[in-house]
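Good morning, and thank you for making time for this item. I would like to take you through one structure, beginning with the whole chain and ending with individual side chains.

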Amino acid sequence: MAPSSTASIPGIPPLLTILNLSPRELTLSKLERFPTPPGRPAPPSLSNLHNVANLTHNITSLLSKTAIGKTPVQQYLPAAGPETARLERVPTVPAIWTREGGDYKVPPNSTRTPEGEGVEIRLWRESRREVLRITFEADNFSRKYFVDVNPQATGTSRAHVTAVTDEEGRGAEGVHYTATWHHGKHHLTLASSGAASCWMRGVPGHLPLSALSLPGTHNSAAHFTAAPSVRCQTHSVAVQLERGVRFLDVRAQPDLGSSTLWLAHGSFPVALAGKQYLDRLLEDTYAFLDRNPSETVVVSLKREGPFEATDEQFATILHDKYVNGPFADKWYARPAVPTLDQARGKCVLVRRFRLAETLKTGVFPDGVDGWGLNAEAWPYNTPNSLALGGNIRVQDFCEVLAATNVDAKIAAVKAHIARAAEVGHVRPQSEWYVPGRDWRPFYVNFLSASNFWNVKVWPEGVAERVNPAVVEYLCTEHIALAHEAAGGKGDAGTGVLVADFVGRDGDWGLVRAVVAVNSVLIVKERERVEREERERVERIQWEEEERERVAEEERLRIEAEEEGNWEREEAERAERARREAEDTKAIIEALRRAAEKEERGGLELEPEFIKRDEEREVAEQQEKPDVRFGKDDGTVVAVIEDPEEQALAGDVA
């Protein structure tokens, strides 16, 4: 539903638009408005935002952190309505306005602008200083949540949604939501945010891994203290994985003296303190997969550093020591994109290096040539290219020479997301993906860019602009645009979004947004299963009805056949009766004539009559049960078996 035209009229409060980015229908069941307390800090703005999320405490947030660490709502507002929320005890004030009921529904992965009598939600009623509390329910009212919206909060801000407990203290465990408020568009996104460490658990395993929307990190290992132009992350790989990242971009260089690989960014080590090795990064990854066997991690490896070794040497060390060693069961290194089930509990190798001759053939017992998903090369600074090998379609527009070019970078990222969204992976079971037979490339989308010679466009500066812009795009435009562009045939996936400084200052909004987009895939797959189940039941019913129809037709045929036999027999009986009546009449006539001749002195029957009856007797082959003629000693005798006719004949005689 489009916003009302009054939303743009000065003085009239704008309508609130809500995106339900989850696989469950949400019902907006209660609205409350509270006054912003007097004497509190000024409304938060981009200049004083602290995106430090405290996800270990289930408390309500104003959807943005102020400079003092708490929002007015946290310090001031009560728990939601008559229920008891798990909030810290704070001074409270009564709501200045409440509306119960309405039960306005927002379908899964849909955007709605409630408007009209009894359902519209405007950001305020009397004053811009009002705080709007929305209570919503999920899963057929079995779970209840609330979120507070401050219309004065500017920019883009996020918070964990409060789960409300019932009177017995039972809460909405297991399913959580994150709210994202976009001030400029008056837009609230409610995204499901289950356990980030095992979010793949709910994704159907038969889908190709490339069907999933995957959050990734650029130069994942470059999180140590280093030069600003080298450092790209603020959290270790172990933390990244726990927070939901599933694509690691790793650059390394062979240490020829020890046959190990050390981590690099360009020509430099990732840490000022000295070389850091791939071994530790992989140990953390294996440990994560052991704890979360439902997950998989795509590991893209590229040779970087001072170029003391070749790609072929890099490949040999990686194969012999790391992938084909004691942890061989932790790797999927075949040259075709796997299904999710094939990849669960494993690292999926994407190689950005040439193979040694010994690795080009004979690696796999079934004779499949190659090793790893081939992404040896793609055009430098490309906005859209298919990498060598065909497994990766990439956007890597990285030469942002000045801050003014960042907008072009953002446009390139959005365009590649749109390409990924148009691909449909949910298909009938008969068309399920088979690795090696079908072709389903990853859409890899680098949000990173930099210019070594311009401090304003070093990795952190670019990330500060690109990452929030992409989050806003995913929350306010992506789903609707994806459905429109693909005509409903695409899955609205994002592909793999590879970013710098993911989770900086505790802001994991980009990861959560990408993971939440998978709800479109999950819902479409669920609808496919339900549709095929309905079709299966309908087919069984049709087959049963068809069997009943055939049986009924057979019964009717038999009845008709039996009816036809009866009619034929009746006709035959009627014909026999007719002939018998004619014969009886003829006999009586013959006897009458005989009687008349006897009166005149002649006793023999007429020769013509006798001859005719003899011929009829032979033709009918004894079909006349009542009368037969024979000769006895040369005398013609008429034998009449019917008692009445015998009596009549006696009378005539």
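Let me begin with how the chain is connected to itself. Of the contacts between residues at least 6 apart in sequence, 69% join residues at least 24 apart. Please keep in mind throughout that this is a predicted model. The chain has 653 residues, and 47% of them are buried. Its secondary structure amounts to 11 helices and 25 strands. The chain exposes about 31100 Å², and 52% of that area is supplied by carbon and sulfur atoms.

I turn now to the strands. Which residues cover the two faces of β14? Thr 260, Trp 262 and Ala 264 lie on one side, Leu 261, Leu 263 and His 265 lie on the other, and all of them are buried. With six of its six residues buried, strand β14, residues 260-265, is therefore largely enclosed by the rest of the structure.

Strand β13, residues 247-255, pairs with β14 in the antiparallel sense over four bridges. Within that pairing, Asp 255 has Thr 260 as its bridge partner. The two strands form a hairpin with four residues between them, and in the turn Ser 259 has a positive phi of about 55 degrees. On the other flank, β14 pairs with strand β15, residues 268-269, again in the antiparallel sense, over two bridges. Here His 265 stands opposite Phe 268. This hairpin has two residues between its strands, and Gly 266 takes a positive phi near 65 degrees.

The pairing of β13 also extends to β12, this time in the parallel sense, over two bridges. Gly 216 has Phe 247 in β13 as its bridge partner. Strand β12, residues 214-217, is joined by four bridges to strand β23, residues 496-499, and these two run parallel. In that pair, Leu 214 stands opposite Val 496. From β12, Leu 214 and Gly 216 point one way while Pro 215 and Thr 217 point the other, and all are buried.

Is Leu 349 buried or exposed? Its relative accessible area is 0%, so Leu 349 is buried. Beyond four places in sequence, its contacts include Leu 301, Leu 318, Trp 331 and Trp 371. Leu 349 and Val 298 are 51 residues apart in sequence, yet their C-alpha atoms are 6.3 Å apart in space.

Gln 233 is found in the loop between β12 and α2, and at 0% relative accessibility it counts as buried. Which backbone atoms lie by its side chain? A polar atom of the Gln 233 side chain lies 2.8 Å from the backbone oxygen of His 218. The backbone nitrogen of Val 502 lies 3.2 Å from a polar atom of that side chain.

Finally, the aromatic residues. A search of the whole structure finds six aromatic pairs. The rings of Tyr 286 and Phe 327 have centres 4.6 Å apart and planes at 25 degrees, so this pair is stacked. Tyr 286 lies in helix α3 and Phe 327 in the loop between α4 and β17, so the pair ties together parts that are 41 residues apart in sequence. Tyr 286 is buried, with a relative accessible area of 6%, whereas Phe 327, at 39%, counts as partly exposed.

Trp 378 and Phe 446 form a tilted pair, 6.2 Å centre to centre with 45 degrees between the planes. This pair links distant parts of the chain, Trp 378 in the loop between β19 and β20 and Phe 446 in strand β22, 68 residues apart. Trp 378 counts as buried at 15% relative accessibility, and Phe 446 counts as buried at 3%. Lastly, Phe 136, Tyr 145 and Tyr 177 form one aromatic cluster.

How values were computed. Residues numbered from 1 in each chain as written. Predicted model: local features only at pLDDT ≥ 70, side-chain atom pairs only at ≥ 80, totals over all residues. Heavy atoms only, no water. Buried < 20%, exposed > 50% of the residue type's maximum accessible area, 1.4 Å probe, protein only. Pairing = 2+ DSSP bridges. Contact = heavy atoms within 4.5 Å. Areas by Shrake-Rupley, 256 points an atom, 1.4 Å probe, with all protein chains shown as cover. Polar contact = N/O pair within 3.5 Å; in protein donor to acceptor, adjacent residues only side chain to side chain. Phe/Tyr/Trp six-rings, centres within 6.5 Å; stacked < 30°, edge-to-face > 60°.
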